[in-house]
Amino acid sequence: MTSADYSVEPAVDRRLQLENVEARFLEAGAGIPTICIHGVGYTNGADSWLPAIREGLADGLHIFAIDQIGWGMGSRMDFEYSISYLADHVREIQDKLGYSRTNIIGHSLGGWIAATFAYESPNRVRKLVLDSIAGMNPTPPESVSNFQVPDEEAVKAAVKGQFRAQDQEQMAGFYWRNAQQPGAEAAFRQITKHLNDPAMRRRYYLKPKLSKIQVPTLVTWGDQAPPLFPLTAGQEIAALIPGAEMKVIPGAGHFTMQGWPAEFVELARPFLLSD
């Protein structure tokens, strides 16, 4: 790989020193502050938002696509993670950036965290977008319940199933780089330990919390989503959150903002910009 393969244009790679860790995020655009939270995959990170940013997500929005703590190129901690800790990491980033209130977008596990965040801190959320989110199913995905450290070919295969053809080569480079970061395996095994715990999944189960979310919410979903994230789950989420809108992307699977970024942006951006 060459350095050019890691270009994040039009975003800029940023670091932010928090109380105990260094946060890493991609920053793009200007306008309404908007924090994007990625999903659970071992090789995931802020870079997974690049296709959407390049399709115009940052037009009128000030995007901060974060590496969740324990993922990507950001800091890793040597302790067991929790949904609450990951949500608190978002609050700390908001505070350090100087924002008392932002839009929040979350995909998959990131959506579980975003919904938990909105439930716990509604005053901190202007608009909420929940894209193919987790938190409604009693069991974790295979990549969590039966985690195996992937080799480079496995990373390439996973990227092929998640991104458009024109994004796959670069994203494979990002994801393989993430997989090789010091402490990546140890951190992810702490994460999987938490996500595999039935008691945790009952404690943070979203269904009883959704009716308490009092912020404007858009739920986006692919109509070809896999059984673990069925379209009916998205419909149930939208029905439970007061006043929530539901938008379906035809032909899309679970990785909507990665594999169908233009369609995702067409739905999410006007909602996030509206009064």
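Predicted model: local features only at pLDDT ≥ 70, side-chain atom pairs only at ≥ 80, totals over all residues.
The largest share, three residues, comes from α5.

How many cavities of 30 Å³ or more does the count give? The count comes to one. The volume of the largest cavity is about 80 Å³. To outline this cavity, select Val40, Ser108, Leu109, Trp112, Ala134, Asn137, Pro140, Pro141, Val144, Leu195, Arg201 and Phe229. By class, this lining has nine nonpolar residues, two polar and one charged.

Keep Ser108 selected. This residue is part of the cavity lining, and its place is in the loop between β5 (102-107) and α3. Check the backbone there: phi of Ser108 is near 55°, a positive value in a residue other than glycine. Is Ser108 buried or exposed? Its relative accessibility is 6%, so Ser108 counts as buried.

Jump to Ser132 for another backbone check. Phi of Ser132 is near 50°, again a positive value in a residue other than glycine. Ser132 sits in the loop between β6 (125-131) and α4. At 1% relative accessibility, Ser132 counts as buried.

Return to Leu109 and Trp112, which line the cavity. Both also belong to the α3 side of a helix contact with α2. Show helix α2 (residues 83-97) and helix α3 (residues 109-120) together: their axes come within 9 Å and cross at roughly 70°.

Select the contact residues helix by helix:

- On α2, pick Ile83, Ser84, Leu86, Ala87, Val90, Arg91 and Gln94.
- On α3, pick Leu109, Trp112, Ile113, Thr116, Phe117 and Glu120.

Colour this set by class. Eight residues of the α2 contact with α3 are nonpolar, three are polar and two are charged.

Move to helix α1 (residues 50-57). Six of its eight residues are buried, so α1 is largely enclosed by the rest of the structure. Select the buried ones: Leu50, Pro51, Ala52, Ile53, Gly56 and Leu57.

Next, find the segment before β1 (12-17), where Pro10 lies. Show the backbone from Glu9 to Pro10. The peptide bond between them is cis, with omega near 5°.

Finish at Trp260, in the loop between α11 (256-259) and α12 (261-273). With 26% relative accessibility, Trp260 counts as partly exposed. Which residues does Trp260 contact, leaving aside neighbours within four places in sequence? Select Ile249, Gly251, Ala252, Gly253 and Phe255.

Notes:
Residues numbered from 1 in each chain as written. Heavy atoms only, no water. Axes fitted to C-alpha atoms, helices over the stretch in contact; angles between N-to-C directions. Helix = DSSP H or I, 4+ residues; strand = E, 2+ residues; numbered from the N terminus. Contact = heavy atoms within 4.5 Å. Nonpolar A, V, L, I, M, F, W, Y, C, P; charged D, E, K, R; others polar. Buried < 20%, exposed > 50% of the residue type's maximum accessible area, 1.4 Å probe, protein only. 1 Å grid on protein atoms, 1.4 Å probe; cavity = no way out; pocket = protein on both sides within 12 Å on 5 of 7 lines; lining within 4 Å. Points joined across faces, edges and corners; volume = space filled by probe spheres on them.
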